[in-house]
Amino acid sequence: MELAYIPSPSRGVLPLGPIPLRAYAFCIIIGVFVAVWLGNKRWVARGGRAGTVADIAVWAVPFGLVGGRLYHVITDYELYFSDGRDWVDAFKVWEGGLGIWGAIALGALGAWIGARRRGVPMPAYADAVAPGIALAQAIGRWGNWFNQELYGKATDVPWALHITSSAGGRVPGYYHPTFLYESLWCVGVALLVIWADRRFTLGHGRAFALYVAAYCVGRAWIEYMRVDDAHHILGLRLNDWTALVVFLLAVTYIVVSAKKRPGREAVVEPGAAEEAAAAEAAGGAKGGADADGVPGAVDAAETPDKAGTKPGPESESKVESKTNSEPETDSGAGDEARAAAEEETTDQTGTGTKDAAESAKQG
């Protein structure tokens, strides 16, 4: 008796007249928007300009799509270039088949080109977009669900994926939803990178390297569960070996970078901090002039004195009284002050009287 399972969509394409709307493509597009949105927030928080992440993504995304497709076609060439296959299918990206390793590698090249054009350091940009890339992968994996592909071994767990299509050599049944496992893993990787970045102030590409290392760990065990055809080397799938090599490279980079360049970049985009300070100063000046047309008039009137209170009528009278009681510098005022000092002294030896009179005279 079937108690619970994850159903597969009956189709992954919704025709809109002559234009087919493919769920796989929509998942990728949504993932890209999420990555750019989160990357922009992190970039601005680090001191960069709003919009820089999107400008560089214009270069990174097309390069990433080409790289992902190239990796898939090269590693699964028999699907397109063996007998009975049509090589034109290699260009049909909408039917699925993007290798994350090629997407990240060639996407990084595109990002490097865009970063150089904007004059920003590539490692800082990579750190900013790393969690967003992980979330984009998490969303993009749902495209595999719509295509009924990349599932795992047969299982009877309550969350088993029900495959109904028999196209392309599929056997209908219940399988491990490896697309879901990887999607959830990528969400966890994104949260891990955000937490570690705040906790340890990662910089110089180490947040991106952490994302790569963490993703490789999850990809290794998820890849081991998959049953789709793949090349094997020494009993392991090719992607398992790729994950192992990339994991070691990422960890090595983290260790070496932490020793050579500790901390985080002080400036991620030249001139951005100065522009933000100038805009803030301009806004403050405008706010001060709104009260009575005089910039800073409100601030001057409401600025507390050194004691932490505003000058009131009582304090103003004290200041006026003190000003009026100051000794004058003419000779008459000096005689009166000397006489008052002599009357108020209690020193019987006369020493106190002499000192007070001299002080009053000098004043």
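**Walking through the model**

User: Is C216 buried or exposed?

Analyst: C216 is buried, at a relative accessible area of 3%. Buried means under 20% relative accessible area, exposed means over 50%, and partly exposed is in between, using a 1.4 Å probe and protein chains only.

User: Before I go on, what are we looking at?

Analyst: It's a predicted model, where local features need pLDDT of at least 70 and side-chain atom pairs count only at pLDDT 80 or more, while totals for chains, interfaces and linings use all residues. Residues are numbered from 1 along each chain as its sequence is written, and side-chain values use heavy atoms, with hydrogens and water left out.

User: OK, back to cysteines. How many disulfides are there?

Analyst: Zero, from a search of the whole structure. The test is a pair of cysteine sulfur atoms within 2.5 Å. C186 is another buried cysteine, with a relative accessibility of 1%.

User: And the overall make-up: how many helices and strands?

Analyst: The protein chain has 14 helices and seven strands. Those are DSSP runs numbered from the N terminus: H or I with at least four residues for helices, E with at least two for strands. Of the 363 residues, 35% count as buried.

User: What share of the contacts comes from residues 24 or more positions apart?

Analyst: They make up 69% of the contacts with a separation of 6 or more. Contact here means heavy atoms within 4.5 Å.

User: Helix packing next. At what angle do α1 and α2 pack?

Analyst: About 145 degrees, with the axes 10 Å apart. Axes are lines fitted to C-alpha atoms, for helices over the stretch in contact, and angles run from 0 to 180 degrees between N-to-C directions. The crossing of α1 and α2 is right-handed; a crossing gets that label if the near helix is turned clockwise from the far one by less than a right angle, and is left-handed if anticlockwise.

User: Which residues meet there?

Analyst: From α1 you have I28, V32, V36, G39, N40 and W43, and they meet T52, V53, A54, A57, V61 and L65 of α2. By class, that's nine nonpolar, three polar and no charged residues. Ala, Val, Leu, Ile, Met, Phe, Trp, Tyr, Cys and Pro count as nonpolar, Asp, Glu, Lys and Arg as charged, and the others, Gly among them, as polar.

User: Where is G51?

Analyst: In the loop between α1 (23-45) and α2 (52-75). G51 is partly exposed at 25% relative accessible area, and it touches N40 and R118, leaving out residues up to four places away in sequence.

User: What about α4 and α5, how do their axes cross?

Analyst: At roughly 145 degrees, coming within 12 Å, with α4 spanning residues 100-118 and α5 spanning 122-140. That crossing is right-handed. I100, I104, A108, A111, W112 and A115 of α4 meet M122, Y125, I133 and Q137 of α5. The contact has nine nonpolar residues, one polar and no charged.

User: Last one, backbone: what is phi of Q148?

Analyst: Near 50 degrees, which is positive in a residue other than glycine. Most residues other than glycine have a negative phi. Q148 is in the loop between α6 and β4 and is buried at 5% relative accessibility. T201, also not a glycine, has a positive phi of about 50 degrees; it lies in the loop between α7 (178-200) and α8 (206-225) and is partly exposed at 40%.
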